[in-house]
Amino acid sequence: MLTLYKTKNERVYEKLKSLLSISDCQLKRTENGKPYIENSDTFFSVTHTGDIALIAISNMPTGVDAEKIKPHSFKHILKRFTSKEYAEIDGNTIKFLKNWVVKEAFIKMYGGTLAHDLKRMEYANGQLNFDGRKADCNVFCSDAEGFVYAICTKSDIPKDIKIITI
């Protein structure tokens, strides 16, 4: 089970709590800042970019990330990417954003940090590798309505994934 919601980037955690019927005291954070629901088998991830936010809810660990499509200066970040990624991105903003959101979604899924894990990842030819091996997750990456987004999850990703606007 995986459900993806889109909403305005305002009161996002209030909307999440409403979707899940939970209270403030049930929301906790790991030492790396990953939010989770105490004593629950429901997993979620939240991202925001510009005036939109996405909320992914699943019965398995899940991460979601999104970036608004706009010109980005990413040359300084590419130094931390592999030569395969660098060649695949080839200066293309959309390709860079897709690479970036997949990595961020993976980090959110397992609760790591960008500072520690960025150099441990490679996303090339549609496959995410972590520490030199295929990452243990399913990846979905797309663009819609002016933003690029990715989901990394341990659950199955529906072939016809839909974004539910709330």
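Which residues does Ile-89 touch, not counting residues up to four places away in sequence?

1. Basis of the note. This is a predicted model, in which local features need pLDDT of at least 70 and side-chain atom pairs count only at pLDDT 80 or more, while totals for chains, interfaces and linings use all residues. Residues are numbered from 1 along each chain as its sequence is written, and side-chain values use heavy atoms, with hydrogens and water left out.

2. Overall build. The protein has 5 helices and 12 strands; these are DSSP runs numbered from the N terminus, helices being H or I of at least four residues and strands E of at least two. Its radius of gyration is 16 Å, close to the 15 Å that the globule rule gives for 166 residues, so the protein is as compact as a globular protein of that length. That radius is taken over C-alpha atoms, and the rule is 2.2 Å times the number of residues to the power 0.38. Along the principal axes, the C-alpha atoms fill a box of roughly 45 × 30 × 30 Å.

3. Of the 166 residues, 43% are buried (under 20% relative accessible area; exposed is over 50%, and partly exposed is in between, with a 1.4 Å probe and protein chains only). The mean positions of the 25 positive and 21 negative charges are 3 Å apart. Lys and Arg count as positive and Asp and Glu as negative, with His and the chain ends not counted; each charge is placed at NZ of Lys, CZ of Arg, CG of Asp or CD of Glu.

4. Contacts along the chain. Among contacts (heavy atoms within 4.5 Å) between residues at least 6 apart in sequence, 55% join residues at least 24 apart.

5. Helix α3. Ile-89 is found in helix α3, residues 83-89, and is buried, with a relative accessible area of 2%. Not counting residues up to four places away in sequence, Ile-89 touches Phe-74, Leu-78, Phe-81, Lys-95, Phe-96 and Asn-99. Its C-alpha atom is separated by 31 Å from that of Pro-35, 54 residues apart along the chain. Ser-83 is also placed in α3, but Ser-83 counts as exposed, at 65% relative accessibility. Ser-83 and Ile-166 lie 83 residues apart in sequence and 40 Å apart in space, C-alpha to C-alpha.

6. The Ser-58 and Thr-62 pair. Ser-58 is in strand β5, residues 52-58, and Thr-62 is in strand β6, residues 62-68. Ser-58 is buried at a relative accessible area of 0%, and Thr-62 is buried at 1%. Their side chains make a polar contact at 3.4 Å (a pair of N or O atoms within 3.5 Å; within protein, one must be able to donate a hydrogen and the other to accept it, and residues adjacent in sequence count only if both atoms are side-chain atoms). A polar atom of the Thr-62 side chain also lies 2.9 Å from the backbone oxygen of Met-60. Beyond four places in sequence, the residues that Ser-58 touches include Met-1, Leu-2, Phe-43 and Thr-153; those that Thr-62 touches include Leu-2, Phe-43, Ile-151 and Thr-153.

7. Ile-151. This residue is in strand β11, residues 147-153, and is buried with a relative accessible area of 0%. Leaving aside neighbours within four places in sequence, Ile-151 is in contact with residues including Leu-2, Leu-4, Thr-62, Val-64, Ala-105, Phe-140 and Ile-161. Ile-151 and Cys-141 are 10 residues apart in sequence and 6.5 Å apart in space, C-alpha to C-alpha.

8. Helix α1. Within α1 (residues 12-20), Val-12, Lys-15, Leu-16, Lys-17 and Leu-20 are buried. The buried residues of this helix pack against β1 (2-8), β2 (27-29), β3 (35-37), β4 (43-49) and β5. Ser-21 follows α1 and has a positive phi, near 55 degrees.

9. Positive phi in loops. Asn-125, a residue other than glycine, has phi near 55 degrees. Asn-125 sits in the loop between β7 (121-124) and β8 (127-130) and is exposed, with a relative accessible area of 63%. Asp-131 likewise has phi near 55 degrees. Asp-131 is in the loop between β8 and β9 (133-134) and counts as partly exposed, at 37% relative accessibility.
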